[in-house]
Amino acid sequence: MNHNHLLVALNDGHFIPVLGFGTSVDEKAPANKAMEATKLAIAAGFRHIDSAYSYQNEEEVGLAIQSKIADGTVKREDMFCTSKLWPTFSRPELVQPALERSLKKLQLDYVDLYLVHFPTPLQPGEELFPKDEHGRSLFDTGDICAIWEVMEKCKEAGLVKSIGVSNFNRRQLEMLLNKPGLKYKPVCNQVECHPYLNQSKLLDYCKSKDIVMVAYCALGSQREERWVSPSAPVLLEDPVLSAIAQKHNRSIAQVALRYQLQRGVVVLAQSFKEKEIKENIQAFDFQLTPEDMKAIDGLNKNFRYAAAEFLAGHPNYPFSDEY
């Protein structure tokens, strides 16, 4: 069995590869960086590619996928491709056009997974981060349940195989799960998750509702200035992780990824260096001991790299609740 393609069942009958490749890049990076890295990732064995409208590189990611299909490395059905609905498209009439726009950029007929990126509608328009003259985010009033109904229609239309959410807290998940006339539960909740923010309560809740947790920032973060404070701790320099990595003769990144896999979390690895991309996919052929897992659990300090401060005043801001 090829461990790189280990799959987890979703609650709608589809399957998701447990290890994915994240394609978010620093806004200062050259446009082709995502394309080159995605090609390297597919060549290394990644089959789960996580993209989003807001990463502003879906065209490059699509070109990478198409080039690896064209050269015979993969078939479309081998790939699991994700995109996400940005909050400026949080009105029901904007949801399907936003998905179709991402499909066109990715050169795909369907995505395997489409996520509501945040539960916090922003003012519609072409600006990713709409602001007033004082630099404050322009919020919109939107109904997550109304958005979800259109997501369900997109699934029924065959534009997407599975639908889920991202950055939702327990209360927001419950609102969807308790929606009258719900046809499809969210298959997953993609959230920031790493040893400094292990999300154990949210993970237990998601498991109890048959919702898969997907971890982003699993290796800390790229420390992009827009999102992350320069004073934030560097996860991949943590002494506890370093000691465990040395014991297993592994990289710290492999230990951080393995930690999530052993907790039943689908995990996204992000790197743009060929050596690291190849290392990251080797997270299957070793096992952390119960003592290792306990030591890593002990690193939790509920520290967020990506607190989405541009949404902080929003009534639906998800990170004010405990989980």
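## About the model

This is a predicted model, in which local features need pLDDT of at least 70, side-chain atom pairs count only at pLDDT 80 or more, and totals for chains, interfaces and linings use all residues. Residues are numbered from 1 along each chain as its sequence is written, and side-chain values use heavy atoms, with hydrogens and water left out.

Strands of a sheet pair through backbone hydrogen bonds, either parallel or antiparallel. Strands (E, at least two residues) and helices (H or I, at least four) are DSSP runs, numbered from the N terminus. Two strands pair if DSSP finds at least two bridges between them.

Take one pair. Strand S8 (residues 188–192) and strand S9 (residues 212–216) run parallel, joined by 5 bridges. Val191 stands opposite Ala215 in S9. Contact means heavy atoms within 4.5 Å.

## Two crossing helices

Helix H8 (residues 252–262) also meets helix H10 (residues 290–297): their axes come within 11 Å and cross at roughly 105°. Axes are lines fitted to C-alpha atoms, for helices over the stretch in contact, and angles run from 0 to 180 degrees between N-to-C directions. H8 and H10 are therefore roughly perpendicular to each other (65 to 115 degrees).

H8 brings Val255, Tyr259 and Gln262 to the contact, and H10 brings Met293, Ile296 and Asp297. By class, that makes 4 nonpolar, 1 polar and 1 charged residues. Ala, Val, Leu, Ile, Met, Phe, Trp, Tyr, Cys and Pro count as nonpolar, Asp, Glu, Lys and Arg as charged, and the others, Gly among them, as polar.

## The cavity

The structure holds 1 cavity of 30 Å³ or more. A cavity is a set of points on a 1 Å grid over the protein atoms alone, where a 1.4 Å probe fits but cannot get out; lining residues have an atom within 4 Å of a point. Volume is the space filled by probe spheres set on the points, which are joined across faces, edges and corners.

The lining of the largest cavity includes Ile49, Cys81 and Leu106. S5 gives the most to this lining, with 3 residues. By class, the lining has 6 nonpolar, 3 polar and no charged residues.

Methods: Angles under 35 degrees count as roughly parallel, over 145 as roughly antiparallel, 65 to 115 as roughly perpendicular and the rest as oblique. On a 1 Å grid over the protein atoms alone, a cavity is a set of points where a 1.4 Å probe fits but cannot get out, and a pocket is an open set with protein on both sides within 12 Å along at least five of seven lines; lining residues have an atom within 4 Å of a point.
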